[in-house]
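The sequence and coordinates come first.

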Amino acid sequence: MIEINIATTDDMAAIAALHASSWQAIYRGLLSDKYLSHDIFPDRRNIWQQRFAAPKIHQRILVAREGESLCGFICIYLDNHQEWGTLIENLHINQGYQGLGLGKQLLQSAAKLSHQQAPNKGMYLEVLAGNQAAQKFYQKLGAFNTKVQQWQAPDGSKVDEFVYRWQSVPPLIGEYNGNDYTAL
């Protein structure tokens, strides 16, 4: 059975590895081959070491686990933007668990957490213009494209991206009946 919980430092290495391997699969042709083949694992490991060593006060990371296996994770920053609300910084699902609704479950868990701790705010995320599968996923869940901008990628390139958002979080939560994160 897959369980969604708050991440701990014990999850850091698995999160960094999943983040890197997910980018390798999704961003091939969007980011440089050198970065994706050589630099990505130490880069993502460094990012997650920083996030766990000195978390921002509004940072929350949820993990989906089946036994000892990390199935996916989501990292959010509550009430990050005055108008748009909570930032979804990362959402990644292990390839073996894709297509099972786990991305939706993690997103709904994060939306519930956001609604509990930053009520009356929406949620938003940035998605690369070339990542059409992610765009379709977010659109299916009610997000809309708000803005086009460029992302300064870690490989030094500039990549077109879209800002997708939900104006209100309760419709995203829907019939969610999972964990209650009010104690966080």
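## Cysteines

Cys71 is buried, at a relative accessible area of 0%; buried stands for under 20% relative accessible area, exposed for over 50% and partly exposed for the range in between, using a 1.4 Å probe and protein chains only. Cys75 is likewise counted as buried, with 0% relative accessibility. The model is predicted: local features need pLDDT of at least 70 and side-chain atom pairs pLDDT 80 or more, while totals for chains, interfaces and linings use all residues. Residues are numbered from 1 along each chain as its sequence is written, and side-chain values use heavy atoms, without hydrogens and water.

How many disulfides does the structure hold? The count is zero, where a disulfide is a pair of cysteine sulfur atoms within 2.5 Å. The cysteine sulfur closest to that of Cys71 belongs to Cys75 and lies 18 Å away, which is too far for a bond. Cys75 is accordingly in no disulfide.

## Fold and packing

The chain has five helices and seven strands. These are DSSP runs numbered from the N terminus, with helices being H or I of at least four residues and strands E of at least two. Read from the N terminus, the order is β-α-α-β-β-β-α-β-α-β-β-α.

The radius of gyration of the chain is 16 Å, in agreement with the value near 16 Å for a compact globule of 184 residues; this radius is taken over C-alpha atoms, and the globule rule is 2.2 Å times the number of residues to the power 0.38. Along the principal axes, the C-alpha atoms fill a box of roughly 40 × 40 × 35 Å. Of the 184 residues, 45% are buried. Among contacts (heavy atoms within 4.5 Å) with a separation of 6 or more, 64% join residues 24 or more positions apart.

## Largest pocket

The largest pocket has a volume of about 1,100 Å³. A pocket is an open set of points on a 1 Å grid over the protein atoms alone, where a 1.4 Å probe fits, with protein on both sides within 12 Å along at least five of seven lines; lining residues have an atom within 4 Å of a point. The volume is the space filled by probe spheres set on the points.

The lining has 41 residues, and Ile26, Leu91, His92, Asn131 and Tyr138 lie nearest the centre of the pocket. Elements giving two or more residues to this lining are α1 (12–26), α2 (33–53), β4 (85–93), α3 (102–117), β5 (123–128) and α4 (132–140). β4 gives the most, with seven residues. By type, the lining divides into 23 nonpolar, 11 polar and seven charged residues; Ala, Val, Leu, Ile, Met, Phe, Trp, Tyr, Cys and Pro count as nonpolar, Asp, Glu, Lys and Arg as charged, and the others, Gly among them, as polar.
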